[in-house]
Amino acid sequence: MNRYDAIIIGTGQAGPSLAERLAKTGMHVAVIERGHFGGTCVNNGCTPTKTLIASAYVARLAKRAVEYGVEVGPVRVDMARVKARKDAVVESSRTSLEKWLRGLANVSVYRGEARFVKAHTVTVGADTLTAERIFINVGARPYVPDLPGVRQVPYLTNESMMDVDYLPEHLLVIGGSYVGLEFGQMYRRFGSRVTVIEMGPRLIGREDPEVSQAIRDILVAEDIAIRLDAMCIALESAPGGVQVRVEHTEGAPRVTGTHVLLAVGRVPNTDELGLREAGIETDDRGYIKVDDTLNTSVPNVYALGDCNGHGGFTHTAYNDYEIVADNLLSGAHRKLSDRIPIYGLFTDPPLGRLGRTEAEARRDGFNILIGRMPMTDVSRAREKGETQGLMKVLVDASTKQILGAAILGTGGDEAVQSLVDAMYAHLPCTVVQHGVRIHPTVSELIPTLLGELAPPG
């Protein structure tokens, strides 16, 4: 039996930083990893996809060069080199993380599958480890729906897309949300035909309708086909590829392509952990139930990151680490419920989202004021020749506090963050309006946006 002060299962965004912080206090920490170091973000999420998106952006910009008075030759995308560039970035991140972890004082690294045998004891291969505190950071994986034909035809997920070093002739994307839209636009810019099939009435249904429509307009302008209200009911083989059978009131009942990407959600990696033996409760989807401090149903066993179902982003996983570490080591009283939602959709242009949507603000009973502005009114966007999208901010009519914002446009993923500190500080929007900002930027228009607030309608 190997005894430690703490055991961390998984090396996603929360685990390594937590290991370092605990170890610096003198605790002896065991870190367990069954696969590649770095979790989803480093291996098949943020790092590789944003590297690929960068290549796709350059391909698109090169094709538009004449609009800027620049002449270039024929643009050709070498997918093998695109993948090699992505692989190099991933490998550097992965290996440097593993080397750093293994070099930390008071940290022991185990390779293999962790499984609970009781509340504070896990096995890793032939080793048995026990600790007073255990932190679960095992992440999630792509969800593969049990569709007819899904086991009979080849399909791709965001993970297997990382191995693609060729250009699909016609990529069918099942799922019109964040992952699907990023890959869809990316591969259209590489040169594939792309069709997005979404079962809902609009893309990214959690966003406000005007944002969803603007994103659809952006994708359609790049000749991406969109099928909405299209329930995917079966996958079938077709000559030279795959066929998706859809239930749809409009359009053909079958869509044929050469490759299909399933982008319909994720499931937590909790099914092989032995959680029942430990008495750790999960919900009906397999996510580990946690309280406001991220403690599970077992005292001193915590769940961080994607596996707890509260966020599903790299930055929320890291924030989970900060909450747990500050509470344990600094006597803080941080809570999960204090976190303001913030995330991005990394299409081009990107969407930066903060706080509540308009629908959520109405649901929560706020009397709201709304500021809107098309990106065509933003000097930075006009100068860059990237005027697609819009800016939108929501304010509580009584307190003048900011409730949420969406910036879909060039630099939107950065500009939206200029509001998050004001929200955490509970500052009224009038304070934000009075600040001087750099010209020409996107965020300089936020005070103007707040100065034009009006009731919905």
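Mentor: Asp229 sits in the loop between β10 (225-227) and β11 (231-238), where helices (H or I, at least four residues) and strands (E, at least two) are DSSP runs numbered from the N terminus. The model is a predicted one, in which local features need pLDDT of at least 70 and side-chain atom pairs count only at pLDDT 80 or more, while totals for chains, interfaces and linings use all residues. Residues are numbered from 1 along each chain as its sequence is written, and side-chain values use heavy atoms, with hydrogens and water left out.

The backbone of Asp229 deserves attention: its phi is near 50 degrees, a positive value in a residue other than glycine. Asp229 counts as partly exposed because its relative accessibility is 42%; buried means under 20% relative accessible area, exposed over 50%, and partly exposed in between, with a 1.4 Å probe and protein chains only.

A second residue with such a backbone angle is Leu294, a residue other than glycine whose positive phi is near 75 degrees. Leu294 lies in the loop between α7 (275-278) and β16. Its relative accessible area is 0%, so Leu294 is buried, whereas Asp229 is partly exposed.

A glycine with positive phi is found in a hairpin. Strands β5 (residues 121-124) and β6 pair in the antiparallel sense over 4 bridges, where pairing requires that DSSP find at least two bridges between two strands. The hairpin of β5 and β6 has 2 residues between the strands, and Gly125 takes a positive phi near 60 degrees there. Across this pairing, Thr123 has Thr128 in β6 as its bridge partner.

Strand β1 (residues 2-9) runs parallel to β6 (residues 127-136), and 7 bridges link the two. Within that pairing, Phe135 in β6 stands opposite Ile8. Strand β16 (residues 301-303) is also parallel to β6, joined by 3 bridges, and Ile136 has Ala303 in β16 as its bridge partner.

Lys335 is placed in the loop between α8 (314-330) and β17 (342-345), and with a relative accessibility of 37% it counts as partly exposed. Leaving aside residues up to four places away in sequence, Lys335 touches Asp292 and Ile323, contact meaning heavy atoms within 4.5 Å. The C-alpha atoms of Lys335 and Asp292 are 5.2 Å apart in space, although 43 residues separate the two in sequence.

Val75 occupies the loop between α3 (46-63) and α4 (79-102) and counts as partly exposed, at 33% relative accessibility. With residues up to four places away in sequence not counted, Val75 touches Ala59, Ala62 and Lys63. Val75 and Thr387 are 312 residues apart in sequence, and their C-alpha atoms are 23 Å apart in space.

Loops also hold cis peptide bonds. One joins Asp348 and Pro349, with omega about 0 degrees; Pro349 lies in the loop between β17 and β18 (351-355). Another runs from His439 to Pro440, with omega near -5 degrees, and Pro440 lies in the loop between α13 (429-433) and α14 (446-450).

These details belong to a protein with 14 helices and 21 strands. Its radius of gyration is 24 Å, close to the 23 Å that the globule rule gives for 457 residues, so the protein is as compact as a globular protein of that length; the radius is taken over C-alpha atoms, and the rule is 2.2 Å times the number of residues to the power 0.38. Along the principal axes, the C-alpha atoms fill a box of roughly 65 × 60 × 45 Å. Of the 457 residues, 51% count as buried. Among contacts with a separation of 6 or more, 63% come from residues 24 or more positions apart.
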